[in-house]
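Colleague: I would like to learn how to read a model of two chains, one feature at a time. Could you take me through it slowly?

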Amino acid sequence: MSAASFLTGLYPPPVRERWGGEISREVAASGIRCWPDTVAGAARLWLHPTHWPEARAGQTRRVVVVALSAVTAATVLLLRSLIPTTTLTADVRHPATSLWLVPLLLGVLLAVPLPPLDRTLFARLVAAAARTLAAPAVAVAALLALAWSGAVRQATGPAEAALVAYYWLTLGFVAVRLCACVARAAALTTPPGTRRLSAAVLSVGAGLAAAAVQTLAALAASGGHPAAAAEGSALALAAVVTLAAGRDLGSLTA
Amino acid sequence: MHSNDAQMLVLTVLADGPLHGYAINTAIEDLTGRRLGPGSLYGALARLEARELIEAADAGGEAAERHRTMRITTTGRDQLRAELQQMARISAAGLRALGPGPA
């Protein structure tokens, strides 16, 4: 993959569809000095979904739904990497430190597209979901079988490292396929309206902001750990991006 | 470059007639001496189109997919005129305040 294709790939899909070829040619012609501006331009456009050109009705809302699923999946992976932690939990037995999850889950629920009322379309939706999730289901089943076999407890050295790598690759694969499933489902369903989607994005952003504040406050109180600082910063960045995009979407309904 | 500056430059060169992305940047280079980066240029085009200040001048097809020609709308012309008049007033006030330049 060339640098121009990679940098063009950073742009939101509706912008790529409209201007992708020209952006690639411009990047290839201008060379390395235009890379920072190209990346900054892509970031600005992700923060402003209302600027995306729509080739099809509802395209922007569908892309936002998929992007929201990607942000949620990335957050889950990030938090999984830091478990066990007492500052940020996802557990009903620790309601105070799990409160951040409420707006996040509410946002995810609000963003769920409406299922098609047509039987043929519904059958296509189920078939697409089954096709997309079959491979990750097999990967998870293999992972569970491995865990229950007891081989994990006996593994040491390179075998242990391979098992850890396999575990994370499986989680990553599941996250990517879930996002792909959302993308395929979004193409066959009615996307949420702009008002509902804006509320969903802002709700997810509020959950991420609460998680970031919780993490950074605990960090400030305890003196800090580099991993927790990185986690807090990543959550804060995700919160800022999500809230900005939600606010921009909301400006359409104001 | 500030995104508003990029939008103003794009509107200015499009006021002269419809152009595609690369030609817009070449016209901006002729005007200012430097090209806009791809992020600034296509960000400005997306924003201006969303605000309905510019629109596609071609109906589609393979050639249009490669080079989408854009033109300024009537609202875009009005907006550009208002911005340029405001800039002219600021420029005149600034030059008056500075007084006569060195000979």
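Modeller: We shall go from the interface to the salt bridges and then to one helix.

Modeller: This is a predicted model, in which local features need pLDDT of at least 70 and side-chain atom pairs count only at pLDDT 80 or more, while totals for chains, interfaces and linings use all residues. Residues are numbered from 1 along each chain as its sequence is written, chains are lettered from A and ligands numbered from 1 in the order in which they are written, and side-chain values use heavy atoms, with hydrogens and water left out.

Colleague: How many residues of chain B are in contact with chain A?

Modeller: Contact means heavy atoms within 4.5 Å, and by that rule 23 residues of chain B touch 18 residues of chain A. Another way to describe an interface is buried area, the accessible area (1.4 Å probe) that two parts lose on being put together, summed over both. Here the two chains bury about 1,800 Å² between them, with 52% of it on carbon and sulfur atoms. Of the area that chain B buries against chain A, 34% is supplied by B:P38, B:Y42 and B:R68, more than by any other three residues.

Colleague: Which polar features cross the interface of chain B and chain A, and how many are there?

Modeller: Side chains of opposite charge can pair when their charged atoms come close. The rule for a salt bridge asks for a side-chain nitrogen of Lys or Arg within 4 Å of a carboxyl oxygen of Asp or Glu, and it finds two across this interface. One of the salt bridges joins B:R35 to A:E26, with the closest N and O atoms 3.1 Å apart. Helices here are DSSP runs (H or I, at least four residues), as are strands (E, at least two), numbered from the N terminus. A:E26 is buried at a relative accessible area of 2%, because buried means under 20%, exposed over 50% and partly exposed in between (1.4 Å probe, protein chains only). A:E26, B:E29 and B:R35 are linked in a network of salt bridges.

Colleague: Why does the end-to-end distance of helix α9 of chain A agree with its number of residues?

Modeller: The expected span of a helix is 1.5 Å times one less than its number of residues. The 32 residues of α9 (residues 157–188) should therefore span 46 Å, and the end C-alpha atoms are 47 Å apart, which agrees. Its buried residues include A:T170, A:V174 and A:C179, and what covers the buried residues of α9(A) includes α4 and α7 of chain A.
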